[in-house]
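Please read it alongside the sequence and the coordinates.

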Amino acid sequence: MIGRELKLLAGNANRPLAEEVSAALGIELCQATVGRFSDGEVRVKIDETVRGADVFVIQPTSPPVNDNLMELLIMVDALRRASVRQVVAVIPYYGYARQDRKHIGRVPISARLVANLLETAGVDRVLTMELHVGQIQGFFNIPVDNLRTDPVFADYIKDTEPDLSDMIVVSPDVGGLGRARRLAEQLRLPLAVLEKRRNTDGLGIKEIRVIGEVRGKRAILIDDIVSTGGTLAHAAQVLIDHGTVEVCACCT
């Protein structure tokens, strides 16, 4: 994008994040109106010319997921109709990521549907962080940059913990094992995982087993999506019941 005009557009999902990005890059946010009509429909108007520009739309699809997703789609459509050159959707939190497969019959793969919607709206590239599962990248026919957070967490832990000898990295489930392994490798720490056995309906958890030696250790739990905190709280209690002396959490 060297030599091209670069613009930043923010929705309402995380305005402070967009303002921090704007300040870091020294680029003012694009003037735009992103609000609601009286009946609740999303209203978007780009208040400056963006013709021929490369526009980064900063809009995580975090709760309220549907509102933020619709804002993103309509902003992208408005940009396309304003003759931009390229649209990059910056989505640190990718909503519907947990619905990435059919775990039981007659359920949707909503993460794939969201990918289709973004492409249909006119997104050229997606910039996201720590997708719930890597396979979501394959749902797209456009480039997807999935940024990792383990280097950031590793640097923070090294700066704040002078002695790591009694620490262990723990994944709260088997699905997050790759994420936990990367952090463990960065810190040169051992690794443990909690294996969850769910009820047949896929909703409730029947049993949790600890795979790895956590007794007498200080545990670093790493997880990606935190909705209610229930999974982390339950995992921490299981670790304490198995002799862990301290639990901290890293959440992407």
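Where is the place of tyrosine 96? In this model, which is predicted, tyrosine 96 sits in the loop between β5 (86-91) and α3.

**Overall form**

The protein contains six helices and twelve strands, and its C-alpha trace spans about 60 × 45 × 35 Å along the principal axes. Of its 252 residues, 41% count as buried. Among the contacts with a separation of 6 or more, 60% are made by residues 24 or more positions apart.

**Backbone features**

Tyrosine 96 is a residue other than glycine with a positive phi, near 70 degrees, and with a relative accessible area of 28% it is partly exposed. The loop between β5 and α3 also holds arginine 106, which has a positive phi of about 60 degrees although it is not a glycine. Arginine 106 is exposed, its relative accessible area being 82%. A positive phi, near 55 degrees, is found as well at arginine 188, the residue that follows α5. A further backbone feature is the cis peptide bond that joins proline 63 and proline 64, with omega about -5 degrees; proline 64 belongs to the loop between β4 (54-58) and α2.

**Helix α4 and its surroundings**

Which residues of helix α4 are buried? In α4 (residues 150-160) they are Asp150, Phe153, Ala154 and Ile157. Viewed down the axis of α4, these buried residues fall within an arc of 100 degrees, so they line one face of the helix. Val152, Tyr156 and Asp159, on the other side of α4, are exposed. The elements that cover the buried residues of α4 include α5 (177-187), β11 (218-223) and β12 (246-251).

Helix α5 has a buried side of its own, made up of Arg179, Ala180, Leu183, Ala184 and Leu187. Around the axis they cover an arc of only 135 degrees, which puts them on the same side of α5.

**Helix pairs**

| Helix pair | Angle between axes | Distance between axes |
|---|---|---|
| α4 and α5 | about 40 degrees | 9 Å |
| α2 (residues 65-81) and α3 (residues 110-121) | about 25 degrees | 8 Å |

How are α4 and α5 oriented to each other, roughly parallel or oblique? Angles under 35 degrees count as roughly parallel, and with an angle of about 40 degrees the helices α4 and α5 are therefore oblique to each other. The crossing in which α4 passes α5 is right-handed. On the α4 side, the contact is formed by Asp150, Pro151, Phe153, Ala154, Ile157 and Lys158, which meet Arg182, Leu183, Gln186 and Leu187 in α5. By class, the residues of this contact divide into six nonpolar, one polar and three charged.

The pair α2 and α3, at an angle of about 25 degrees, is therefore roughly parallel. Here Leu69, Leu72, Leu73, Val76, Asp77 and Arg80 in α2 meet Val114, Leu117, Leu118 and Ala121 in α3. The contact of α2 with α3 has eight nonpolar and two charged residues, and no polar ones.

**Two buried sites**

Aspartate 223 lies in strand β11, one of the elements that cover the buried residues of α4. Is aspartate 223 buried or exposed? Its relative accessible area is 7%, so aspartate 223 is buried. Leaving aside neighbours within four places in sequence, aspartate 223 is in contact with Pro172, Arg179, Thr231, Leu232, Cys250, Cys251 and Thr252; Arg179 in that list is also one of the buried residues of α5. Glycine 176 is 47 residues from aspartate 223 along the chain, with 6.9 Å separating their C-alpha atoms.

Valine 214 occupies the loop between β10 (205-211) and β11, and its relative accessibility of 2% is why valine 214 counts as buried. Not counting residues up to four places away in sequence, valine 214 touches Ile168, Ala192, Leu239, His242, Gly243 and Thr244. Glutamine 135, by contrast, is 79 residues from valine 214 in sequence and 30 Å from it in space, C-alpha to C-alpha.

Conventions:
Residues are numbered from 1 along each chain as its sequence is written. This is a predicted model: local features need pLDDT of at least 70, side-chain atom pairs count only at pLDDT 80 or more; totals for chains, interfaces and linings use all residues. Side-chain values use heavy atoms; hydrogens and water are left out. Buried means under 20% relative accessible area, exposed over 50%, partly exposed in between (1.4 Å probe, protein chains only). Helices (H or I, at least four residues) and strands (E, at least two) are DSSP runs, numbered from the N terminus. The arc is that of the directions from the helix axis to the C-beta atoms. Contact means heavy atoms within 4.5 Å. Axes are lines fitted to C-alpha atoms, for helices over the stretch in contact, and angles run from 0 to 180 degrees between N-to-C directions. Angles under 35 degrees count as roughly parallel, over 145 as roughly antiparallel, 65 to 115 as roughly perpendicular and the rest as oblique. A crossing is left-handed if the near helix is turned anticlockwise from the far one by less than a right angle, and right-handed if clockwise. Ala, Val, Leu, Ile, Met, Phe, Trp, Tyr, Cys and Pro count as nonpolar, Asp, Glu, Lys and Arg as charged, and the others, Gly among them, as polar.
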